[in-house]
Amino acid sequence: MDKLYYCNECKRVISNGESCSYCSSSYIDELAVGAPVNVIGTKLKGKVLKIKDNTARLLIRDESNSKFIREYNGEKLRKIL
Ligand SMILES: [Zn+2]
């Protein structure tokens, strides 16, 4: 699967486009390249560069404003506005 989705209710990133694994909502959209996300449990925010095998490659900008690229499983991510 080279696509990830996110839940519009709880904002978690999920791997299926049918219903949310966390809150059961069916209000789901595809996570697009360029979408901003937060790494759950951290203050890291990044933008999606690429999605492959349920993993998103993110361009992250940390609190000191330096940029780096890192990959996270979709389960670790939350969509932000
Ligand atoms: Zn949800």
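User: Which residue is the bridge partner of valine 37 in S8?

Analyst: In this predicted model, the partner of valine 37 in S8 is lysine 79. That pair belongs to the contact between S4 and strand S8 (residues 77–79), where three bridges join antiparallel strands.

User: And which residue does valine 37 bridge to in S5?

Analyst: In S5, valine 37 is bridged to glycine 46. Strand S4 (residues 36–39) is joined to S5 by three bridges, and the two run antiparallel. Another of the pairs is asparagine 38 with lysine 45 of S5.

User: Let us step back. How many helices and strands does the chain have?

Analyst: There are zero helices and eight strands. Read from the N terminus, the order of elements is β-β-β-β-β-β-β-β. The radius of gyration is 12 Å, close to the 12 Å that the globule rule gives for 81 residues, so the chain is as compact as a globular protein of that length.

User: What are the spans along the principal axes?

Analyst: The C-alpha trace spans about 35 × 20 × 15 Å along its principal axes. As for burial, 25% of the 81 residues count as buried. Among contacts with a separation of 6 or more, 32% are between residues 24 or more positions apart.

User: In what order do the strands of the five-stranded sheet stand?

Analyst: The order is S7-S6-S5-S4-S8, in an open sheet with antiparallel pairing. Strand S7 (67–73) and S8 are at the edges; each has a single partner strand, so one side of each is left without a neighbour in the sheet. From one strand to the next, the twist averages 45°.

User: How many bridges join S5 to S6?

Analyst: Seven bridges join S5 to S6, and these strands run antiparallel.

User: Why is asparagine 54 called partly exposed?

Analyst: Asparagine 54 has 16 other C-beta atoms within 10 Å, so it is partly exposed; the class lies between the limits of 12 or fewer for exposed and 20 or more for buried.

User: And serine 24: is it buried or exposed?

Analyst: Serine 24 counts as exposed because it has 10 C-beta neighbours inside 10 Å. Serine 24 is in the loop between strand S2 (13–14) and strand S3 (28–30). Its phi is near 70°, a positive value in a residue other than glycine.

User: S2 and S3 bring up the other sheet. What is the strand order there?

Analyst: The order is S2-S1-S3, an open sheet of three strands with antiparallel pairing. S2 and S3 are the edge strands, each pairing on one side only. Strand S1 (residues 5–7) pairs with S3 in the antiparallel sense over three bridges, and tyrosine 5 stands opposite glutamate 30 in S3.

User: Now the nonpolar core. Which residues touch the most other members?

Analyst: In the largest nonpolar core, which has 16 residues, Val13, Leu31, Val48 and Ala56 touch the most other members. At least two residues of this core come from each of S1, S2, S5 and S6. S1 supplies the largest share, three residues.

User: Beyond its neighbours within four places in sequence, what is valine 13 in contact with?

Analyst: Leaving those neighbours aside, valine 13 is in contact with Leu4, Tyr6, Leu31, Val37, Gly74, Leu77, Arg78 and Lys79.

Definitions and conventions. Residues are numbered from 1 along each chain as its sequence is written. This is a predicted model: local features need pLDDT of at least 70, side-chain atom pairs count only at pLDDT 80 or more; totals for chains, interfaces and linings use all residues. Helices (H or I, at least four residues) and strands (E, at least two) are DSSP runs, numbered from the N terminus. The radius of gyration is taken over C-alpha atoms; the globule rule is 2.2 Å times the number of residues to the power 0.38. Two residues are in contact if their C-beta atoms, placed from the backbone, lie within 7 Å. Two strands pair if DSSP finds at least two bridges between them. A nonpolar core is a set of buried Ala, Val, Leu, Ile, Met, Phe, Trp, Tyr and Cys residues joined through C-beta atoms within 7 Å. Axes are lines fitted to C-alpha atoms, for helices over the stretch in contact, and angles run from 0 to 180 degrees between N-to-C directions.
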